[in-house]
There are 2 protein chains.
Amino acid sequence: MAVTFADRVELLKASDIREILKITQRPEMISFAGGLPAPELFPVEEMKHVAVKVLEEAGSQALQYSTTEGFEPLRRQIATRMNPKYKTAVNPSNILITSGSQQALDFSGKLFLNSGDVVLCESPTYLAAISAFRAYQPQFMEVPTDDDGMIIEELEKILRTTARVKLIYIIPDFQNPTGRTWSLARRQRFMKVISDWEIPVVEDNPYGELRFEGESLPAVKSLDSKGLVIFVSTFSKTFCPGLRIGWIAADARFIEKYVLIKQGADLHTSSISQREISKYLELYDFEAHIGRIIDTYRSRRNAMISALEESFSADVTFNRPQGGLFTWVQMPRGIKAAELLQRCLQQNVAFVPGDSFFPNRCVENTFRLNYSNMPEEKIAEGIRRLAKVMNEL
Amino acid sequence: MAVTFADRVELLKASDIREILKITQRPEMISFAGGLPAPELFPVEEMKHVAVKVLEEAGSQALQYSTTEGFEPLRRQIATRMNPKYKTAVNPSNILITSGSQQALDFSGKLFLNSGDVVLCESPTYLAAISAFRAYQPQFMEVPTDDDGMIIEELEKILRTTARVKLIYIIPDFQNPTGRTWSLARRQRFMKVISDWEIPVVEDNPYGELRFEGESLPAVKSLDSKGLVIFVSTFSKTFCPGLRIGWIAADARFIEKYVLIKQGADLHTSSISQREISKYLELYDFEAHIGRIIDTYRSRRNAMISALEESFSADVTFNRPQGGLFTWVQMPRGIKAAELLQRCLQQNVAFVPGDSFFPNRCVENTFRLNYSNMPEEKIAEGIRRLAKVMNEL
């Protein structure tokens, strides 16, 4: 005999982003590659305070095993914040705390996907969602997407002609990688179609609270009368990612199953981290904190868009996101983002080629730019260098 | 259409222990049910200190995304502690930090098991390992076990007559649920057989450091010349479980795959929790801390064994564990542990019926007793009540 791995292991590969991130650790690098929040905005002093406070108040209970569902006061705080923001109507029993929203994506694959089942997603879509689902050996179908979201006619065509569609994965607010936001009309039409077909939807919303301008839109979940939408979010972009605290907000029939999956997967999320975030929400003005993140990222978005407008030639297009962390660049056909990256790395500039964001297709002339992790002057300088290399190609 | 779950979801059920634990929250309850460490031994004051210290020294970096493999200094500290203790020869690159050892079990199922593959385990075995593996739809085969560990002749018979054995799961030190420890001779014979068959082994060792008496035995991994053994452990029983920090120590060819699985599952384990444990190991005398846990649990083990000897009739047998958290009781045939539990709950005494620890068989006349979470006088009183109810049956 010899050691053999499960079939699913053949499908797993190292995330391109994490590989690029290893290269971009060097301090001289101007990196637009990661999706890293700005660490200078992390509430370090406040975290010192709440860490001590939690241990003073809860003592050893904060260090003991706790329930799979999560710390009840935190689940309540999440539900209470979500409802006015997203027009949802969830209560604490609809919330499961997860180890980051990545875990919520993994669990969604585990809950819904047999090998060969079909997942629909935007085209392009978030690459770590592709990785999470891929472990359950589905087929991906990319639904064509425009500036307003999934194109509903295309979605309907796929639903009519495709068997075994078990899950639809969407990022309606400031999408990763494109920075696009679905219009209200598109959300409504989408939900109408989904209600007819009764297919579970994972609405991934890590960036929704980071809106720089314009009016917040109701979550797709808020338009869902049949309890089909599983809303997934995280404190990674509004608080800090290092604690690994995310959540799922869904109908009880789903939460019940997610809890069973979480029991087998890791019992529960860190007792003390949950209490720390809960205590922070109790003691500090979280909305003001998010306001500071928004102000910083808005300036960085502005710096990036200005630099792109200034340096890129007219045949290169890009989005102007109203929030979130990313914009998306489309170059003329024939220019390969992977080649551009190799040359840019020599100039100490990094980004992520668009390829990784398409589960099936090979789209070589796109790339994703992150602006949340670099100060404005570096953004300007980085885009100048990038444009120079691009013009040489 | 209607919402359908993946096939694996049908196999998931709520852990009996977690259900019993809900009932045992009441303060008047004498619970031998959970596997909870004694919270009065958690290093609460030290945790306050290291939480602040980590944020002072690492600042926002402690709150940022970090590598999937884990915090390098902690991986080094784990390797350095493991090698003299278990006679292993691992280095930091062999270590992956996981969110508790439960996650290591889940990942092991994900890495090795296709639907229908066979997992061999001790009989009985740890019920949360059964839950973790079950999500990957294997068949379980229970290898008959005596006081020295798996019976090698039985193991060989199964290997000769069974196709698709992909993974062997063992708990050689102070096993959950029985409290048994494999003898050195059994470890050596086991490893000789496994070397011939070249089947991956998960050696789960959460309790090995909690030895009350007798000499420590080398890990099965230390006898492994072909890199087949995946050693899994945790800080849950020696430090505290609420932080959810465990690890896998394995050959690079396995670690590489586990890292890919972890990327898709939750990106990485909490940056700050890893740094906190690492800082604790740097600043405090962890061995002295473990010494205090051992002293406490030894007294509790003694209290329980004395009470069992005093109160139980001669036809009821139980183990005298040399370490760990549990002992295992076997009653005469015909007495049902589930019925005993129902009556005991009315007397405010709880334990876990043995059934849940057998993946295939129905063994009604056994149960598991935990002694780590109750003070000695409650242990004595609880066992008295339990024996009284048992004698009535």
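Modeller: Let me begin with a residue pair in chain A, keeping in mind that this is a predicted model: the bridge partner of A:Trp328 in E15(A) is A:Arg368.

Biologist: Which strand of chain A is joined to E15(A) by 5 bridges, and how do the two run?

Modeller: That is strand E12 of chain A, residues 326–330, and the two run antiparallel.

Biologist: And what is the bridge partner of A:Val352 in E15(A)?

Modeller: A:Val352 also has A:Arg368 as its bridge partner in E15(A), while A:Pro353 stands opposite A:Phe367 of that strand. E14(A) and strand E15 of chain A, residues 366–370, pair in the antiparallel sense over 2 bridges.

Biologist: In what order do the strands of the open sheet come?

Modeller: The open sheet in chain A has 4 strands in the order E11-E12-E15-E14, with antiparallel pairing. Strand E11 (317–318) and strand E14 (352–353) of chain A stand at the edges with a single partner strand each, so one side of each is left without a neighbour in the sheet.

Biologist: How many residues of E15(A) are buried, and which way do they point?

Modeller: E15(A) is mostly covered, with 5 of its 5 residues buried. A:Thr366, A:Arg368 and A:Asn370 point one way from the strand, whereas A:Phe367 and A:Leu369 point the other way. In general, the side chains of a regular strand alternate between the two faces of the sheet.

Biologist: Okay, switching to the chains: how many residues of chain A are in contact with chain B?

Modeller: There are 67 residues of chain A in contact with 67 residues of chain B. On the chain A side, the elements that give two or more residues are helix H2 (44–58), helix H4 (100–112), helix H5 (127–134), helix H8 (252–266) and helix H9 (271–283). The residues of that side of chain A divide into 35 nonpolar, 20 polar and 12 charged.

Biologist: What rotation superposes chain A on chain B?

Modeller: A rotation of 180 degrees, with 0.0 Å of shift along its axis, superposes chain A on chain B with an RMSD of 0.0 Å, and that is the relation of a two-fold axis. The same surface serves both copies, since 99% of the contact residues of chain A recur in chain B.

Biologist: Which residue of chain A comes closest to the rotation axis?

Modeller: Of the residues of chain A, that is A:Ala51, whose C-alpha comes to 3.2 Å from the rotation axis.

Terms used:
Residues numbered from 1 in each chain as written. Chains lettered and ligands numbered in written order. Predicted model: local features only at pLDDT ≥ 70, side-chain atom pairs only at ≥ 80, totals over all residues. Contact = placed C-beta atoms within 7 Å. Nonpolar A, V, L, I, M, F, W, Y, C, P; charged D, E, K, R; others polar. Least-squares fit on C-alpha atoms with pLDDT ≥ 70 in both. Pairing = 2+ DSSP bridges. Buried ≥ 20, exposed ≤ 12 C-beta atoms within 10 Å, placed from the backbone.
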